[in-house]
Amino acid sequence: MNPLLAFLKEVFAYNGDLWASFTAAFTAQSRILAHTPAILIYRAQPLQAATVRQLLYSTPHKVWGLTPMCGGPSCNSTAGSIRISITKRGDGNHHFAKYSCIKCKWESRYAARPRWLAEVPGRQFYFYHNFPLTLEQQKHVILAPETQVDQKAHKRARK
Ligand SMILES: [Zn+2]
């Protein structure tokens, strides 16, 4: 079933929880979220501040569902110029990844999955975060500190 229809049916016909119904509907198949993230703006209770969440699907071309960007100084590459390497180390849920730019040859360190990115329980490679991201959050991989994965990669390279 179309995820939007499944979501609306769950909420309006069965009085389902908004966020739970949204994640259930949009994680039932990866096709839509692999193409584009989905955003839900809602109030859990009347008179409560609105919550804005973005639901994402992580792929080898768009790790954690985030748009990759180059950290090279004055490089004006687009997301399509960024190659992503995902290591199998960690928790198996795209725990570490790094970017490299084919245009300017810039390469990041292996960044750990950002802490502000929450996992959808029981759904591998599905994540969500409060929307919108700050500029610092958007540059997560660029600003990432050295990780244990980097240290192991350096040791291997020296051998
Ligand atoms: Zn670049």
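Which residues have the most contacts inside the largest nonpolar core? They are Phe26, Leu33, Leu55, Leu56, Ala97 and Ala111, in a core of 26 residues. A nonpolar core here is a set of buried Ala, Val, Leu, Ile, Met, Phe, Trp, Tyr and Cys residues joined through C-beta atoms within 7 Å. A residue is buried if 20 or more other C-beta atoms lie within 10 Å of its own, exposed if 12 or fewer, and partly exposed in between, with C-beta atoms placed from the backbone.

Before going further, a word on the model: it is predicted, with local features needing pLDDT of at least 70 and side-chain atom pairs counting only at pLDDT 80 or more, while totals for chains, interfaces and linings use all residues. Residues are numbered from 1 along each chain as its sequence is written.

Helices (H or I, at least four residues) and strands (E, at least two) are DSSP runs, numbered from the N terminus. The core also draws at least three residues from each of domain 1 (1–57) and domain 2 (60–113 + 134–159), with domain bounds taken from an automatic or database domain assignment.

Now to the sheets. Four strands make an open, antiparallel sheet in the order E1-E2-E7-E6, where two strands pair if DSSP finds at least two bridges between them. Strand E1 (38–42) and strand E6 (118–119) are its edges, each pairing on one side only. Five bridges join E1 to strand E2 (residues 51–57), and five bridges also link E2 with E7. A second open sheet, again antiparallel, has the order E3-E4-E5, and its edge strands are E3 (82–87) and E5 (111–112). E4 and E5 share two bridges.

Here are some residues that stand opposite each other:

| Residue | Partner | Partner's strand |
|---|---|---|
| Leucine 40 | Arginine 53 | E2 |
| Leucine 56 | Phenylalanine 127 | E7 |

Finally, look at helix H2 (residues 18–26), which lies across E1 and E2 and runs at about 165° to E1. For such angles, axes are lines fitted to C-alpha atoms, for helices over the stretch in contact, and angles run from 0 to 180 degrees between N-to-C directions. Ser21, Phe22, Thr23, Ala25 and Phe26 of H2 are buried. The buried residues of H2 pack against helix H1 (3–14), helix H3 (31–35), E1 and E2. Leaving out residues up to four places away in sequence, Phe26 touches Pro3, Ile32, Leu33, Ala38 and Leu55; contact means C-beta atoms, placed from the backbone, within 7 Å.

Definitions and conventions:
Two residues are in contact if their C-beta atoms, placed from the backbone, lie within 7 Å.
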